[in-house]
Amino acid sequence: MPRAKIQKKATHVDMTAMCDVAFLLLTFFILAAQFKPSSAVEVITPNSVSNKHAPEMNYFTVTIDKDNNVYVDMWQTLKAPILKEVGELTNMQFSPADIKAFENTEFVGLPLSQLKQYDALSAEQKDKVKLPGIPYDSTNNQLLTWITAAVKASEGKQTSFLIRGDNATKYTTFKKVLDAFQKNDIYKYNLMTNAEEVPEGSELWKKNMRRIRSGEKPE
Amino acid sequence: MAEMEEKDTSSKKGPGVKKAKKAAMHVDMTPMVDLGFLLITFFIFSTTMSQPTSMNLNMPKDTKDQNQDTKVKESGSLTLMLGKGNVVYYYYGNDLLHLQTTTYKGMRNIILDKKSKTPPEDLFVIIKPDKDASYKNVVDALDEMNIDDISRYAMVDPTADEYSLIQKTEQAAGIQ
């Protein structure tokens with residue numbers, strides 16, 4: 001009796017289709033990628049139901065981390081004018097090279113006395129330095145200097161004043177930042193948050209539903 | 001590892017004739033797929049999908065002139081004091097003696113309850129974060145105003161009396 005032969009098949013799966021999908025996804029993610037800003041200052045912002053995007057242009061941001069250290073950063077084109085104002089306020093001299101170095105620095109997180117020295121470092125060296133934060137106590141309120149400079153430099157321009165605080169930031173620190181802004185007659189701020197769903201059934205949710213039904217944009 | 005599989009090329013051609021090798025082009029794509037997925041994973045992790053949003057905060061101008069202060073009806077006011085350990089203390093009007101305690105979750109019902117009992121033009125919520133409150137607490141409270149559609153609210157520092165009362169309550173309740 002001839003036995004039925006079991007054919008040995010080579011287990012060759014055709015991976016072309018899978019490969020296609022993989023690279024399609026890859027292309028999508030490369031194009032959609034917006035890299036996380038460098039983690040020089042790590043901040044976890046609280047959630048809010050606000051669905052307004054944070055301004056991406058002409059901003060001046062005050063960042064407060066979980067250890068209540070304060071840093072500022074600003075929109076690229078605002079950097080040079082703000083530094084000049086700081087120079088005028090504190091009688092410090094900034095050479096064109098200093099301004100150039102400042103433009104290449106992302107965060108300001110040092111007392112003014114160490115600013116030039118830090119700015120001149122290369123990117124790798126900057127990564128190694130732990131920023132101590134800008135002094136903001138009442139005897140040496142350099143945060144106020146920066147904010148005053150920012151307000152002066154942005155006169156006549158639409159600048160958004162952003163505050164980016166960490167969940168664990170103390171209210172007292174936040175209050176000091178607000179005070180520094182208020183001394184410069186700035187009363188409108190944007191608090192950076194993470195988007196969160198509006199709880200179903202809440203007042204805002206009902207309001208949004210009414211707006212959607214009447215064809216308006218929800219808030 | 002690209003394989004060139006040979007097909008059975010036994011032919012009926014004569015011995016002197018060179019066999020034309022027909023190679024089936026089967027390229028092993030496993031490493032390429034591996035690489036592809038590796039890169040995908042990298043980009044998924046490095047992409048921040050959710051853009052940060054921002055919440056508007058408008059503070060009133062500081063005035064020393066008492067006539068310009070916002071007048072609030074006692075019957076329509078609700079004061080929320082944000083304390084240590086995610087606890088909220090609240091009282092109605094000027095009735096500081098009847099200080100009650102709640103949490104951030106329970107806050108909504110209290111606000112909505114007050115809202116339903118008060119004419120909308122009188123309703124005013126006062127948020128008083130004390131020294132021990134965190135920034136998250138403040139944002140949560142302000143966010144709650146948005147969620148409950150409260151149009152009139154203000155953020156003020158607690159008075160010395162209120163702060164000492166909170167501290168006493170905290171000590172009694174053993175909140176660290």
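Biologist: What does contact mean when residues are said to touch?

Modeller: Contact means heavy atoms within 4.5 Å. This is a predicted model, and in it A:Ile82 touches A:Phe60, A:Met74, A:Trp146, A:Ala149, A:Ala150 and A:Ala153, leaving aside residues up to four places away in sequence.

Biologist: Which residues have the most contacts inside the largest nonpolar core?

Modeller: The general idea comes before the case. In soluble globular proteins, nonpolar side chains tend to be buried together. Here the largest nonpolar core has 62 residues. Those with the most contacts inside it are A:Phe60, A:Ile82, A:Leu143, A:Trp146, A:Ile163, A:Phe174 and A:Phe181. Helix α6(A) supplies the largest share of this core, eight residues. Another core, of seven residues, lies apart from it, and A:Val41, A:Val43, A:Phe107 and A:Tyr118 are among its members.

Biologist: How is the packing of two helices described?

Modeller: By two values: the angle between the axes and the distance between the axes. Take α2(A) and α6(A), which pack at an angle of about 125 degrees with their axes 8 Å apart. That angle makes α2(A) oblique to α6(A). The crossing of this pair is right-handed.

Biologist: Which residues of α2(A) and α6(A) meet?

Modeller: From α2(A) come A:Pro81, A:Ile82, A:Leu83, A:Glu85, A:Val86, A:Leu89 and A:Thr90. They meet A:Thr145, A:Trp146, A:Thr148, A:Ala149, A:Ala150, A:Lys152 and A:Ala153 in α6(A). By class, the residues of this contact are nine nonpolar, three polar and two charged.

Biologist: At what angle do α6(A) and α7(A) cross?

Modeller: Helix α6 (residues 142-153) and helix α7 (residues 171-183), both of chain A, cross at roughly 45 degrees, and their axes come within 9 Å. The two helices are therefore oblique to each other. Helix α6(A) passes α7(A) in a right-handed crossing. On the α6(A) side the residues are A:Leu143, A:Leu144 and A:Ile147, and these meet A:Val177, A:Ala180, A:Phe181 and A:Lys183 in α7(A). The contact of α6(A) with α7(A) divides into six nonpolar residues, no polar and one charged.

Biologist: Now the backbone. What is the phi of A:Asn58?

Modeller: A:Asn58 has a positive phi of about 45 degrees, although it is not a glycine. This residue lies in the loop between β1 (47-48) and β2 (59-64) of chain A. A:Asn91 also deserves a look: its phi is near 60 degrees, a positive value in a residue other than glycine. A:Asn91 lies in the loop between α2 (76-90) and α3 (96-103) of chain A.

Biologist: Why does A:Asn58 count as partly exposed?

Modeller: Because its relative accessibility is 25%; partly exposed covers the range between buried, under 20%, and exposed, over 50%. A:Asn91 has a relative accessible area of 69%, so it is exposed.

Biologist: How many helices and strands does chain B have?

Modeller: Chain B has four helices and eight strands. Along the sequence their pattern is β-β-α-β-β-β-β-α-β-α-β-α. Of the 176 residues in chain B, 37% are buried. Among contacts in chain B with a separation of 6 or more, 62% come from residues 24 or more positions apart.

Biologist: Where does B:Lys84 lie?

Modeller: B:Lys84 lies in the loop between β4 (77-82) and β5 (87-92) of chain B. Its relative accessible area is 26%, so B:Lys84 is partly exposed. The C-alpha atoms of B:Lys84 and B:Val33 are separated by 53 Å, and the two residues are 51 residues apart along the chain.

Note on methods:
Residues numbered from 1 in each chain as written. Chains lettered and ligands numbered in written order. Predicted model: local features only at pLDDT ≥ 70, side-chain atom pairs only at ≥ 80, totals over all residues. Heavy atoms only, no water. Axes fitted to C-alpha atoms, helices over the stretch in contact; angles between N-to-C directions. Parallel < 35°, antiparallel > 145°, perpendicular 65-115°, else oblique. Left-handed = near helix turned anticlockwise from the far one by under 90°. Nonpolar A, V, L, I, M, F, W, Y, C, P; charged D, E, K, R; others polar. Core = buried A, V, L, I, M, F, W, Y, C linked by side-chain atoms within 4.5 Å. Buried < 20%, exposed > 50% of the residue type's maximum accessible area, 1.4 Å probe, protein only.
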